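Today I opened a new structure in my notebook.

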Amino acid sequence: MAIPWGTILWQMLRRTRDPVRCGGVFGHYPDPMRAALRVLGDLSVTAGLVVLLFCAYLLWGTGSYTAGQQALLREELLAEGVPPGGEAGEGRGGPPGPIRLGGAVAMLTIPRLGDDYRYAVVEGVDQDRLRMGPGHYPGTAMPGKIGNFVLSGHRTTYAAPFNRIDELRRGDLILVDAREARYTYRVTGKRVVDPAEIGVVAPVPGRPDREPTRALITLSTCHPEYSAAQRLIVSGELEERADRLGRSG
Amino acid sequence: MYGWIWRTLPGNLVTRGLTALVLAGLVAAVLWYVVFPWIEPRVSLDLTTVGR
């Protein structure tokens, strides 16, 4: 059975132009109650559309800001001898200097999440820094050092760098290209914790009172996706250090 | 409300349709580039850190 869409549409358009029904904003319906309901309905539909558009903005609009900031961070790393591809090779060498808040820490590469999965890690985990990319908790260990190198990243907004870290399995590689060397970590486990569980960022996770003896990495993001109810934690341990060529000691 | 806007727009069907599209686009652009970036930090839907 064919639906006469053309006729229906035309009738709808005609109705709005019907001189008898025309009037002001409220003139369409003589009954003020119906007029008020009509405006309320229009406003509700508008609110719904605005919320939908806001969701689209969160998922896709915020990423362009992150992309721009990532380009700046990569340039900063390149100037320091870390190639944007993250591949091992010539570099500035030497011990890393102090890194300011908002500065680039290292390139993060996770092969399991795709050949082009590369993010420049920024120093700091406050709102402004995490919009630039994955952030390094200030005060936790630097890349490759004994202790816990802790990173945090958005799961759904701002390019969502840690969107898929739930797919990481034990044994997967996490490569961290710092100024002085490439550090290869291997995933040792993952778990979901309460947002208040600060023990996961301790030098020895879960044992804040202990002195660290191993170099660990911890990735944190929100969980479940689109929620802030819990945190997803991926842990790893340093396996290998490859110094950059040109290292001056 | 929308009915009133539509009736108020000048011109024939095509002109009105195009004007309505441009108006909708303008509203969307103001939301996307001005309103949303201002609101987003205030709602914080994607918290990733622990201990705060």
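**Barrel.** I found eight strands of chain A that close into a barrel in the order 1-2-3-4-7-8-6-5, with mixed pairing. For the labels, helices (H or I, at least four residues) and strands (E, at least two) are DSSP runs, numbered from the N terminus. Two strands pair if DSSP finds at least two bridges between them.

**Before going on.** I noted that this is a predicted model: local features need pLDDT of at least 70, side-chain atom pairs count only at pLDDT 80 or more, and totals for chains, interfaces and linings use all residues. Residues are numbered from 1 along each chain as its sequence is written, and chains are lettered from A and ligands numbered from 1 in the order in which they are written.

**Strand partners.** I looked up strand 6 (residues 181-193) of chain A and saw that twelve bridges join it to strand 8 (residues 230-243) of chain A, running antiparallel. A:Lys190 faces A:Val234 of strand 8 there. Strand 7 of chain A is also antiparallel to strand 8 of chain A, with eight bridges. These two form a hairpin with six residues between them, and A:Tyr226 in the turn has a positive phi of about 70°.
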